[in-house]
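Here's a quick tour of the fold you have on screen, sorted by topic.

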Amino acid sequence: MPSDLFTLKPLAAELNDALKGGKIDKITQPEKDEIRLHIRAFGNNYTLLISANPEAPRIHLATDKRPNPATAPAFCMHLRKHISGFAIDNIRTLDDRVVEIKLSGRTELKDKAEYRLYVEIMNRYSNIVLVTSDGRISDAIKRISFDEGKRGIISGAIYVIPSQPDKTALSDGEGIKKLLSDNDGGDIASLLTRRINGVSRITVNELLLRAGYDCCNPTEEVINSVIRTAKEFDGIYESQSYCPCNSDGDADFFAMPYLSLGGNFHSRKSLSEAVERHFELSRRQRANKQLTSHLVTAAVRYENKLNKKLGDYAKKLEECENMELYRLYGELLTANFYRLKKGDTSAEVQNYYDESCPVVSIPLDENHTPQQNAADYFRKYNKLKRTRTNLTAMKAECEKNLDYVKSLKLYLKTCDDRAAAAELEKELVGIGALKAVKKPSSKIREQAARPLEFFIDGVKVVAGKNNIQNEELTFRTADRNHIWLHVKNYHGSHVIIFAENPSEEIIVKAAAIAAALSEAADNGKAEVDYTVRRNVRKIPGGLPGMVNYTDYKTVTVIPSLPAQKDE
């Protein structure tokens with residue numbers, strides 16, 4: 001992810017354009033390392049999220065709402081005391097990955113005052129520091145004593161900006177020219193990443209690609225092209241190349257599509273939106289991991305157990321293939337009792353059933369009579385016949401459970417709320433993948449998990465988050481004439497259009513939802529079947545959500561999700 005100065009600089013400029021002159025109405029701290037400034041600017045309300053989380057340090061405008069602790073943390077109270085009601089004078093980036101927010105206003109005694117809020121986006125060294133007009137630290141979200149490192153962050157100390165004095169600025173053409181000219185044939189991308197201030201390796205790769213840099217023969221013209229491209233990168237916010245975007249699945253955010261990475265990029269209204277979408281995905285993934293890690297472990301363990309069982313069943317069924325031979329031996333021995341006697345070790349008899357093999361040699365137990373040998377073979381035949389019948393049923397049950405647990409693994413990937421996780425745990429208990437744990441009784445009734453709800457052109461479309469919800473949605477919530485959708489030949493959610501005879505456009509958009517909530521989500525295209533709900537039937541004796549359906553049509557769509565209904 002290019003969370004570097006190249007990306008941070010246009011983000012700060014964008015925030016400055018939106019918030020400059022705005023006033024801070026409220027300050028909250030929903031997390032121990034995250035603050036939110038609620039700002040009124042140009043007649044609009046904004047929420048500026050600033051996080052020093054080591055795994056997700058960032059600054060951007062937020063659109064989500066987060067609950068706050070009953071008692072505000074100390075740093076939040078400190079900010080409320082000193083900068084509530086202050087105006088945003090300027091937002092800019094400094095050396096490396098530091099954003100400076102300049103604030104001005106009046107104190108409780110109506111005296112003019114200025115503060116600077118420094119946002120240091122440096123992974124595990126990230127911090128949020130409030131500094132007075134004379135450069136002294138007022139407080140920080142993470143206090144660091146001088147004996148813990150070279151740079152202390154404590155109240156009253158002089159604030160020192162973490163800088164890179166030995167690095168070349170992206171706009172320094174002469175400095176970049178010297179780096180390229182003095183290169184002795186080493187990896188130029190690594191060199192520029194080390195020596196240019198605030199650029200990541202993937203940004204350097206993009207710069208070199210756009211400049212047409214030839215590592216084998218860097219001519220003066222190519223070097224000049226690198227310098228021009230670097231200056232264009234430095235001024236990306238004012239250039240026509242500025243195009244905030246996310247890569248597929250919001251996996252990354254960029255100030256412009258990176259040609260060097262390939263793949264698809266999706267444009268956003270602002271870089272702040274692109275950053276928020278990416279980190280919201282990361283938040284959901286972290287929350288999902290915390291909620292479902294033990295469930296995922298149980299599902300994988302159970303899946304491995306089922307696969308081992310299927311392997312054992314296959315070997316045993318292969319042994320059962322000999323049962324017809326044992327029946328044949330028994331019948332041929334019965335037809336030749338008069339020619340055999342106790343003590344024979346084998347019998348050469350005529351095979352009446354196969355002209356291509358007229359004579360069969362049958363092994364005999366010399367301690368048994370011919371009648372006993374025939375009975376032995378019939379006994380083996382009947383035993384293998386029963387075994388095959390039982391194994392076939394057990395194999396079918398095992399395959400059904402294996403198919404079911406694969407669907408649960410799909411839902412575990414996207415589970416991000418406690419109620420849905422509880423339903424998935426119930427499903428795993430139901431198939432024996434997890435032991436039921438008796439939970440302490442509580443007078444507080446747990447909130448039921450809610451399915452995903454969307455609105456397409458005013459029509460409600462609902463999708464299940466797991467098999468229990470799929471069954472409830474299909475057979476209890478939906479009307480028999482509503483439209484039911486499911487991805488073809490993959491595990492996925494049941495999707496219901498709560499309308500009779502919806503337009504083709506609505507069906508296509510709902511089908512895209514069904515595809516996005518399935519194993520085919522990462523495919524470029526997917527086929528989705530749809531029919532009226534009355535044509536959907538639960539499989540007799542089947543597990544939750546397992547259905548058959550008839551009289552359906554199929555549409556091919558690109559998997560995608562629209563915005564959900566605001567709650």
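Let's start with helix 8, where Met323, Leu328, Tyr329, Gly330, Leu332 and Leu333 are buried. Bear in mind that this is a predicted model.

**Helix 8**
- Helix 8 covers residues 323-335, and at 1.5 Å a residue its 13 residues should span 18 Å. The C-alpha atoms at its ends are 19 Å apart, which agrees.

**Helix 10 against helix 11**
- Helix 10 (residues 418-430) packs on helix 11 (residues 467-477) at an angle of about 100°, and their axes are 8 Å apart.
- Angles of 65 to 115 degrees count as roughly perpendicular, so helix 10 is roughly perpendicular to helix 11.
- On the helix 10 side, the contact is made by Glu423, Lys426 and Glu427; helix 11 brings in Asn467, Ile468 and Gln469.
- By type, the residues of this contact split into three charged, two polar and one nonpolar.

- In soluble globular proteins, nonpolar side chains tend to be buried together.
- Here, the largest nonpolar core has 70 residues, and Leu48, Ile50, Ile59, Ile101 and Leu117 have the most contacts inside it.
- Helix 1 (residues 5-19) gives the most to this core, with seven residues.

**Loop residues with positive phi**
- Most residues other than glycine have a negative phi.
- Phe42 is not a glycine, yet its phi is positive, at about 55°. You'll find Phe42 in the loop between strand 2 (34-41) and strand 3 (44-51).
- Is Phe42 buried or exposed? Its relative accessibility is 61%, so Phe42 counts as exposed, given that the cut-off for exposed is over 50%.
- Asp457 also has a positive phi, near 50°, in a residue other than glycine. Asp457 sits in the loop between strand 15 (452-456) and strand 16 (459-463).
- With a relative accessible area of 53%, Asp457 is exposed.

Methods. Residues numbered from 1 in each chain as written. Predicted model: local features only at pLDDT ≥ 70, side-chain atom pairs only at ≥ 80, totals over all residues. Heavy atoms only, no water. Helix = DSSP H or I, 4+ residues; strand = E, 2+ residues; numbered from the N terminus. Expected span 1.5 Å × (residues − 1). Buried < 20%, exposed > 50% of the residue type's maximum accessible area, 1.4 Å probe, protein only. Axes fitted to C-alpha atoms, helices over the stretch in contact; angles between N-to-C directions. Parallel < 35°, antiparallel > 145°, perpendicular 65-115°, else oblique. Contact = heavy atoms within 4.5 Å. Nonpolar A, V, L, I, M, F, W, Y, C, P; charged D, E, K, R; others polar. Core = buried A, V, L, I, M, F, W, Y, C linked by side-chain atoms within 4.5 Å.
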